[in-house]
Amino acid sequence: MKLTKLTLAAVLVTAPMYALADESIIVQSTTSTANSGLYDYLLPIFTEATDITVNVVAVGTGQAIKNAANCDGDVLLVHAKPAEEKFVADGGGTTRTDLMYNDFIIVGPADDPAGVAGMTDVAPAMATIAEQGALFASRGDDSGTHKKEVALWKAAGVDTASGSGDWYRETGSGMGATLNAGLGMGAYVMTDRATWINFGNKQDYQIAVQGDDAMFNQYGVIPVNPEKCPSVNVEAAQTFNDWLISDEGQEAIAAYMVDGQQLFFPNAPEQGS
């Protein structure tokens with residue numbers, strides 16, 4: 001399978017110790033699953049079981065969907081359910097299955113300039129950040145995280161366009177890079193919890209806002225449709241999809257922990273149900 005220049009420029013995560021495996025697939029993925037370290041843990045288990053090498057292109061969800069639509073991948077693993085369902089409805093994928101979930105949080109500096117630390121209702125917290133003109137670093141990249149953030153600003157009644165370049169700073173970067181940029185400028189940042197737990201540069205930052213049901217973060221897995229993309233490695237892609245949602249794959253996802261904390265919670269539907 002040929003990769004476009006755009007795909008090659010993305011972050012590529014591989015399992016090189018299994019380079020002699022008979023088959024390989026490309027997974028177009030959100031950055032959060034890569035930044036969290038999940039693939040470093042999960043892919044060797046899958047490869048050991050199947051002899052299939054998985055190469056992960058980790059970009060924002062919007063870009064991952066575009067890449068998959070351009071036939072630059074065999075499987076899509078992202079976290080923006082409406083966009084995923086549209087991808088399948090448009091013929092880009094065969095099926096979409098819930099895979100796992102965690103949640104989004106807003107982190108900020110210890111001095112909490114907006115006074116939102118400890119809030120569990122995200123809409124008033126975000127409205128307060130905007131009212132105070134406290135710096136907020138956004139990914140601004142059409143990722144699943146960014147899509148959720150935009151929806152939350154809308155629910156809070158905040159027009160971020162009026163604050164763009166002032167209190168609202170768009171990085172156009174992945175989650176890890178945006179966290180680093182936010183810390184550098186003393187800004188609040190919305191991130192998935194898994195990336196935050198695995199993030200090694202927390203400095204004095206703390207979780208400021210968490211616990212709202214609106215911050216639920218669902219991931220889905222979709223094999224790319226071979227009728228649209230004949231180059232898809234159909235059998236290997238389906239094997240990866242089926243393994244992820246199997247009892248074995250779900251147990252492996254649940255077992256991944258950092259500092260004693262579970263990062264993802266499997267919720268694929270029971271097979272045969």
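**Close-up 1. Buried residues of helix H4.** In this predicted model, helix H4 covers residues 61–69. Look along this helix and you'll find Thr61, Gly62, Ala64, Ile65, Asn67 and Ala68 buried. After H4 comes Cys71, and its phi is positive, near 70°. Why stop at a phi like that? Most residues other than glycine have a negative phi.

**Close-up 2. Ser29, a buried residue in strand S2.** Strand S2 takes in residues 23–30, and Ser29 is part of it. Ser29 has 0% relative accessibility, so it counts as buried, the cut-off being under 20%. Its side chain has a partner here: Ser29 makes a polar contact with the side chain of Tyr39, at 2.6 Å. What else does Ser29 touch, leaving aside its neighbours within four places in sequence? Besides Tyr39, Ser29 is in contact with Val56, Val57, Ala58 and Val59, and also with Ala64, Leu77 and Val78. One of these, Ala64, is also among the buried residues of helix H4 from the previous view.

**Close-up 3. Helices H3 and H10 crossing.** Here we have H3, residues 38–50, together with H10, residues 234–245. Their axes come within 11 Å and cross at roughly 115°. The crossing of H3 and H10 is right-handed. Which residues make the contact? From H3 it's Leu42, Leu43, Ile45, Phe46 and Thr50, while H10 brings in Thr239, Phe240, Trp243 and Leu244. Sort the residues of this contact by type and you get 7 nonpolar and 2 polar, with no charged ones.

**Close-up 4. Asp112, a loop residue with a positive phi.** Now for the loop that runs between strand S5 (97–108) and helix H6 (122–132), where Asp112 lies. Asp112 isn't a glycine, yet its phi is positive, about 45°. Is Asp112 buried or exposed? With a relative accessibility of 16%, Asp112 counts as buried, because the cut-off is under 20%.

**Close-up 5. Asp142, in the loop between S6 and H7.**

Notes: Residues are numbered from 1 along each chain as its sequence is written. This is a predicted model: local features need pLDDT of at least 70, side-chain atom pairs count only at pLDDT 80 or more; totals for chains, interfaces and linings use all residues. Side-chain values use heavy atoms; hydrogens and water are left out. Axes are lines fitted to C-alpha atoms, for helices over the stretch in contact, and angles run from 0 to 180 degrees between N-to-C directions. Helices (H or I, at least four residues) and strands (E, at least two) are DSSP runs, numbered from the N terminus. A crossing is left-handed if the near helix is turned anticlockwise from the far one by less than a right angle, and right-handed if clockwise. Contact means heavy atoms within 4.5 Å. Ala, Val, Leu, Ile, Met, Phe, Trp, Tyr, Cys and Pro count as nonpolar, Asp, Glu, Lys and Arg as charged, and the others, Gly among them, as polar. Buried means under 20% relative accessible area, exposed over 50%, partly exposed in between (1.4 Å probe, protein chains only). A polar contact is a pair of N or O atoms within 3.5 Å; within protein, one must be able to donate a hydrogen and the other to accept it, and residues adjacent in sequence count only if both atoms are side-chain atoms.
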